[in-house]
Amino acid sequence: MGIENLAEKAQILIRSRLCSPNFIFKPLSDSSDSNYSKLKFIISSSIMEACNNSILLLGPRGSGKVAVLELVLSDLLEEYPDTITVIRLNGLLHSEDNSALKEIARQLCMEHHLLFSKMASFDDNSQFMIAMLRECGLAHKTVIFALDEFDLFAQGKQRLLYSLLDAMQTVTSQAVVVGVSCRLDADQLLEKRVRSRFSHRKLLFLPPSKEDVQRLLEHILSLPMDSSLACDYAAEFNEKLQSILADKRFKEIISNYLNSNSTTNHLLRFLFIAISNMELKSGFLSLENFKAALSSIQRQPKQECIKGLLI
């Protein structure tokens, strides 16, 4: 197999990794102090102890809040396939109380093979949700509500949040509410009656440290030795990669980039551009690929338009 074919396969493999949140965040979840471990412990203990819980995941956009939540949910669905029901809502779509409760009723009906009524009122859907939480609790099943863009649900009268958290106060219900928001003051937006029913647990998603970035780079860019790629090529690719990662010039490029965009999502975007710039003829990554990615991201289109103009 030619070097170009091997390079193309390696490029496709690394690109697929960059598009897979499960692969990316798995090494960061090994530590017992990681947000993955903390969130999984909170939800799994709620399942095992048959109690209600609520928690907020807070951090800037692109910091991996939703990715870590989905990773935790997928692991828990494998561990407890018959005792978990996941209801997903997004504030951009369901911030209006009536549409949110209707969506909850629809997903509950789908999960439990019931007939869903589109004509049901807010009160009907609210009573249905309370009844379903009670029935799930009696059957020792936990309902997990994942509310993305949580701060949008905190606008207006907050009837949905009140109905949901109030229903969780009963002894029979088993539910966990996980709110995801880029606003660090999301819990302060809650009304007093809602805030009194919220558990005030919060997980903060910070930009990755230098050690985390180094681990991510090695985890994503290194080729596996047991894949369809030739062992000699993979070994040489990884050797050249290690020399690039140890280069002072590369460390300067990464630190310059992270100074302006420090979230994991932006780092993945930077790596995707660098991988796309890889020369298939040479078959390996080079320092120039990362330099080109940095200049491509830091482009100033308006300045470039006027570069050749007369004063």
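The structure holds 12 salt bridges, a salt bridge being a side-chain nitrogen of Lys or Arg within 4 Å of a carboxyl oxygen of Asp or Glu. The model is predicted: local features need pLDDT of at least 70, side-chain atom pairs count only at pLDDT 80 or more, and totals for chains, interfaces and linings use all residues. Residues are numbered from 1 along each chain as its sequence is written, and side-chain values use heavy atoms, with hydrogens and water left out.

- K40 and E79 pair through their side chains at 2.7 Å, N to O. They are 39 residues apart, with K40 in helix α3 (residues 35-49) and E79 in helix α4 (residues 65-79); helices (H or I, at least four residues) and strands (E, at least two) are DSSP runs, numbered from the N terminus.
- K40 is buried at a relative accessible area of 18%, while E79 is partly exposed at 43% (buried is under 20% relative accessible area, exposed over 50%, partly exposed in between, with a 1.4 Å probe and protein chains only).
- R61 and E149 form a salt bridge whose closest N and O atoms are 2.9 Å apart. This pair spans 88 residues, from the loop between β1 (53-58) and α4 to the loop between β3 (142-148) and α8 (150-153).
- R61 is exposed, at 52% relative accessibility, whereas E149 is buried, at 10%.

**Salt bridge within one helix**

- In the E103 and R106 salt bridge, the closest N and O atoms are 2.7 Å apart.
- Both residues belong to helix α6 (residues 97-111); they are 3 residues apart, so about one helical turn separates them.
- E103 counts as buried, with 15% relative accessibility, and R106 as partly exposed, with 30%.

**Second largest pocket**

- The second largest pocket has a volume of about 330 Å³ (a pocket is an open set of points on a 1 Å grid where a 1.4 Å probe fits, with protein on both sides within 12 Å along at least five of seven lines; a volume is the space filled by probe spheres set on the points).
- Its lining (residues with an atom within 4 Å of a point) has 14 residues, and K210, V213, K251, I254 and L258 lie nearest the centre.
- Helices α11 (210-221) and α13 (248-260) are the elements giving two or more residues to this lining, and α13 supplies the largest share, 6 residues.

**Annotated region**

- An unreviewed UniProt entry lists "domain: ATPase AAA-type core" at residues 55-201; such annotations may be inferred rather than shown by experiment.
- Residues 55-201 are 46% helix and 18% strand, with the end C-alpha atoms 5 Å apart.
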